[in-house]
Amino acid sequence: LIIPAGTIIRGIANLSMTPKQYATIVVERGGYISCEGTSARPVVFTSAKGSEYRGSGDWGGIVICGKARNNQGTDIQVEGFNNISANSTLAKHGGINDDDNSGVIKYTRIEFCGLAFEPNKEINGLTLASVGRNTTVDHVQVSYSNDDSYEWFGGTVNCKHLISFKTTDDDFDTDNGYKGKVQFAVSLRDPAIADQSGSNGFESDNDATGTGATPATHPIFSNVSVFGPYCNPSISANNLYKRSAHLRRNTETCIYNSVMAGYPVGLLIDASTTESNATDG
């Protein structure tokens, strides 16, 4: 899929139709996306609604499925696609090639995304599932997502210059053995809007039950600024805001040279296994 600089793509979702419409771009394993905007002519994925009617969750988002390793297996279906037939190959990810290349996403804006394919299983703004390190993700902004702005499920892809703007759930969510590097990122929240699951800046699990499955979730974040709802102390905030960083379930997340401000709780290192990982460096 080749998308030239300056392109605007509008996603339509209509859940009252039969069959229901769920607009989402899925790059399958072995597929390749070339989405290269410029600073003057970014690529924009947005809602098909008129500017005065757009809102979070108007369409799905972008899902990239790669062949790199995760700690769940080599044929895993992306969260939110579980209502599809078990025999379907749609949105499957995983493999053994950490050098896999799924393409380029550069100078790209993804907005008004986060459609719920199933109850409580929304698609993120940008989902990177077992994406390999030869993929380029640089200068990307996710705005008004109805779920996480960015979520990594395993993989080794490195990302730079990320913006998360007024998302509903978490800004940067890492799971299932993701061990890439993320540098130069910033998030800013809407104090009035948070998710029923509890909204955090960072959220990270090794897996859903905190096992020692390998590869471990071991991302390296550096030069990140996370600004929560209380950065302006004169404004009240949604009580579903939780922590600037919730590191849990045996994660080995590393965060360097970063600022986290404006959350009810700063850093929560959750559970004895995660505490041990922190103690052991």
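The model is predicted, so local features need pLDDT of at least 70, side-chain atom pairs count only at pLDDT 80 or more, and totals for chains, interfaces and linings use all residues. Residues are numbered from 1 along each chain as its sequence is written, and side-chain values use heavy atoms, with hydrogens and water left out.

Start with strand β7, residues 43–47. Strands here are DSSP runs of E of at least two residues, and helices are runs of H or I of at least four, numbered from the N terminus. Five of the five residues of β7 are buried. Buried means under 20% relative accessible area, exposed means over 50%, and partly exposed lies in between, with a 1.4 Å probe and protein chains only. β7 runs parallel to strand β2 (residues 8–11), and four bridges join the two. Two strands pair if DSSP finds at least two bridges between them. Gly-11 has Ser-47 of β7 as its bridge partner. β7 also pairs in the parallel sense with strand β11 (residues 103–111), over three bridges. There, Val-43 stands opposite Thr-108.

Now move to β18. This strand runs parallel to β16, with four bridges between them. Trp-152 stands opposite Thr-174 in β18. β18 pairs in the parallel sense with strand β20 (residues 202–204) as well, over three bridges. In that pairing, Asp-173 stands opposite Glu-203. In a regular strand, side chains alternate between the two faces of the sheet. In β18, Phe-172 and Thr-174 point one way, Asp-173 and Asp-175 point the other way, and all are buried.

A nonpolar core is a set of buried Ala, Val, Leu, Ile, Met, Phe, Trp, Tyr and Cys residues joined through side-chain atoms within 4.5 Å. The largest has 39 residues, and Leu-126, Trp-152, Leu-162 and Phe-172 touch the most other members. Apart from it lies another core, of ten residues, among them Cys-65, Phe-81, Ile-123 and Ala-129. In soluble globular proteins, nonpolar side chains tend to be buried together. Beyond its neighbours within four places in sequence, Trp-152 has contacts (heavy atoms within 4.5 Å) that include Leu-128, Leu-162, Phe-172, Thr-174 and Phe-221.

On a 1 Å grid over the protein atoms alone, a pocket is an open set of points with protein on both sides within 12 Å along at least five of seven lines; a cavity is a set where a 1.4 Å probe fits but cannot get out; lining residues have an atom within 4 Å of a point. Grid points are joined across faces, edges and corners, and a volume is the space filled by probe spheres set on the points. The largest pocket holds about 590 Å³. Of its 29 lining residues, Glu-79, Glu-151, Phe-153, Asp-173 and Asp-175 lie nearest its centre. β9 (76–77), β16 (150–153) and β18 (172–175) each supply at least two lining residues.

The second largest pocket has about 320 Å³ of space. Its lining has 16 residues, with Leu-247, Glu-252, Thr-253, Cys-254 and Ala-278 nearest the centre. β23 (254–256), β25 (265–269) and α1 (272–279) each give two or more residues to that lining.

One cavity of 30 Å³ or more is found. The largest cavity holds about 40 Å³. Its lining includes Glu-79, Ile-123 and Phe-153.
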